[in-house]
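Work through the exercises below with the sequence and the coordinates open. Each task is followed by a solution in steps.

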Amino acid sequence: MTENPRGDGPLPSHTPRVGIPERLAARMTMPEQHEYLRTKLTRRGLLRSSAATAGVVAGTGLLAGTAQAAAPAAAPTLLTSHAVTAVDGALVAPFGRHLAFGADPRTQMRVGWQVPLAVRRPYLRVGLEPWDLGRKIQAEVRDLHTPSLSAKLPAVQQYYLHAALDGLRPGTTYYYGVGHDGFDPADPRHFSTVGTFRTAPARAEKFVFTAFGDQGVSYHALANDQLILGQNPSFHLHAGDICYADPDGQGSEHDTYDARVWDQFLAQTESVAKSVPWMVTTGNHDMEAWYSPHGYGGQSARWTLPGNGPDARNAPGVYSFTYGNVAVVALDANDVSYEIPANQGYTGGRQTRWLDRRLAELRAARGIDFIVVFFHHCAFSTTSSHASEGGVRDAWLPLFEKHQVDLVVNGHNHVYERTDALKGGRVSKRMPVGESVDSSREGIVYVTAGGAGKSLYSFPVPDSYEGHVKDLDHVDTYHWAKGKVKEKETVEWSRVRYTGYSFLAVEVEPGHRPRMKVTALAESGERIDHFEVTRGRGH
């Protein structure tokens with residue numbers, strides 16, 4: 001169990017254990033938790049489905065499309081006649097629009113959104129002008145039913161809609177709108193709902209991307225979103241712990257998993273994600289045991305990600321894409337975590353083997369200067385809460401160094417922290433604020449950007465950031481070892497620390513000597529850190 005930064009008891013070792021006694025949950029894998037919940041609620045009689053109900057669902061014609069259940073095929077259908085009562089589509093407004101790249105950001109975009117009630121024939125319109133949305137694409141429906149998992153919460157029915165856009169022109173601005181029978185985004189009454197996006201360029205050019213982790217729903221999260229929008233990023237990386245529908249995760253009968261928090265989150269995020277591809281990966285709070293054995297059924301219903309990782313069905317948060325001269329790799333650290341072993345080893349080593357192959361391919365690819373890797377659990381952090389994940393260090397750090405990864409971004413610890421340049425876990429170059437590193441020769445910088453919006457953690461030593469530098473020769477901390485053991489260590493690599501809400505903005509410049517200008521901004525807009533990553537000649 002990790003220490004709670006609020007000081008009111010331990011944090012959970014597993015977050016998605018609604019209704020599971022703590023003494024059991026601490027020993028259960030995600031598939032075991034999934035089976036426990038399904039069996040327990042079936043015995044309560046909460047999973048009621050009949051041929052008559054199925055007939056009502058099929059006969060309404062609602063949500064027509066290539067509907068696919070996010071839960072395993074064996075799970076009962078949980079729709080009821082009440083849940084699909086016909087409503088006038090003109091009275092149902094789409095919300096929560098969010099974009100994501102396909103495997104090729106130059107030609108592919110994925111659009112997701114939500115409706116509060118079942119609708120007929122949902123679709124997306126797209127075109128090159130806001131007044132000309134002539135191309136119409138049928139939407140795929142992925143509905144989720146969440147039964148009442150505690151006496152305090154109602155059952156929830158959610159409808160997630162998705163449209164895949166392929167064959168787009170590189171470097172082109174598109175306009176789009178989402179609708180259904182009774183709600184047409186091309187109707188002048190709904191012009192205000194038309195969104196826009198831009199595909200990746202055919203050739204490398206200057207651009208900005210942003211990143212953070214551990215967001216949730218809060219005023220601070222919203223403030224960060226609005227500041228991110230002002231950076232005009234080409235895409236945004238979310239390093240996991242997305243909305244905290246299970247906010248406490250104490251693993252007891254009093255735990256609350258509230259699926260409605262996802263509605264709040266997607267509504268909050270829409271102002272940015274409707275025009276900026278929101279590329280997410282999986283944190284420990286994103287394992288939701290009810291929906292599927294490994295806890296990712298909910299994620300698959302809500303997001304459409306590139307799907308080019310080793311197992312898109314079971315590990316949707318593992319993928320890669322290339323934008324200009326930057327390759328981005330998303331990983332699921334739940335697979336290798338010693339601290340939170342609920343999904344430890346669930347890919348059977350496939351993710352790590354894929355990572356080795358993919359990094360080799362990207363490093364050898366023509367036109368790629370930088371490789372950025374992001375995932376949830378921290379490789380290097382000194383907070384009093386989660387500190388460093390030894391499982392990540394053991395499984396992946398040798399591969400990062402073997403293939404000369406240029407930047408690693410994590411969340412998990414709700415602060416900003418940045419290392420010196422490292423090789424073999426040791427300082428290879430000191431990196432004070434404003435310093436530059438040639439990542440092809442001098443090592444990798446690791447950034448914890450977990451201050452997106454959830455309650456903040458603390459450090460065992462004073463903060464040290466731009467304008468308030470308090471350099472230390474060493475910090476006494478710990479890392480997680482096998483068996484959920486905390487191993488103490490004294491480290492010299494903690495160079496920048498900031499206890500506050502913040503995010504990363506990275507400006508990428510291609511050319512003869514390419515560089516990434518990495519800036520950390522507080523939610524106030526104040527710069528708290530900056531450094532530069534370059535690659536020398538012959539990289």
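A residue is buried under 20% relative accessible area, exposed over 50% and partly exposed in between, using a 1.4 Å probe and protein chains only. The model is predicted: local features need pLDDT of at least 70 and side-chain atom pairs count only at pLDDT 80 or more, while totals for chains, interfaces and linings use all residues. Residues are numbered from 1 along each chain as its sequence is written, and side-chain values use heavy atoms, with hydrogens and water left out.

**Exercise 1. Overall counts**

Task: state how many helices and strands the protein chain has, and what share of its residues is buried.

Solution. Step 1: take helices (H or I, at least four residues) and strands (E, at least two) as DSSP runs, numbered from the N terminus. The protein chain then has 8 helices and 29 strands. Step 2: of its 539 residues, 58% are buried. Step 3: define a contact as heavy atoms within 4.5 Å. Of the contacts between residues at least 6 apart in sequence, 72% join residues at least 24 apart.

**Exercise 2. Helix α5**

Task: describe the span, the bend and the packing of α5.

Solution. Step 1: the expected span is 1.5 Å times one less than the number of residues. At alanine 267, α5 bends by about 25°. Step 3: the buried residues of α5 include Trp262, Phe265 and Leu266. The elements that the buried residues pack against include β3, β8 and α4.

**Exercise 3. Salt bridges**

Task: find which residue forms a salt bridge with glutamate 270, and which with aspartate 406.

Solution. Step 1: a salt bridge is a side-chain nitrogen of Lys or Arg within 4 Å of a carboxyl oxygen of Asp or Glu. The structure holds 29 of them. Step 2: glutamate 270 pairs with arginine 97, with the closest N and O atoms 2.6 Å apart. Glutamate 270 lies in helix α5 and arginine 97 in strand β3, so the pair ties together parts that are 173 residues apart in sequence. Both glutamate 270 and arginine 97 are buried. Step 3: aspartate 406 pairs with arginine 535 at 2.5 Å between the closest N and O atoms. Arginine 535 is in the segment after β29 and aspartate 406 in the loop between α8 and β18, so this pair links parts 129 residues apart in sequence. Arginine 535 and aspartate 406 are buried as well. Glutamate 361 is partly exposed, at 46% relative accessible area.

**Exercise 4. The open sheet**

Task: give the strand order of the 7-stranded open sheet and say which strands stand at its edges.

Solution. Step 1: two strands pair if DSSP finds at least two bridges between them. The order is β13-β12-β11-β27-β28-β29-β22, with mixed pairing. Step 2: β13 and β22 are at the edges with a single partner strand each, so one side of each has no neighbour in the sheet. Step 3: β11 and β27 run antiparallel and are joined by 5 bridges. Valine 208 has glutamate 507 as its bridge partner in β27.

Note on methods
Bend = angle between axes of the 7 residues up to and from the residue.
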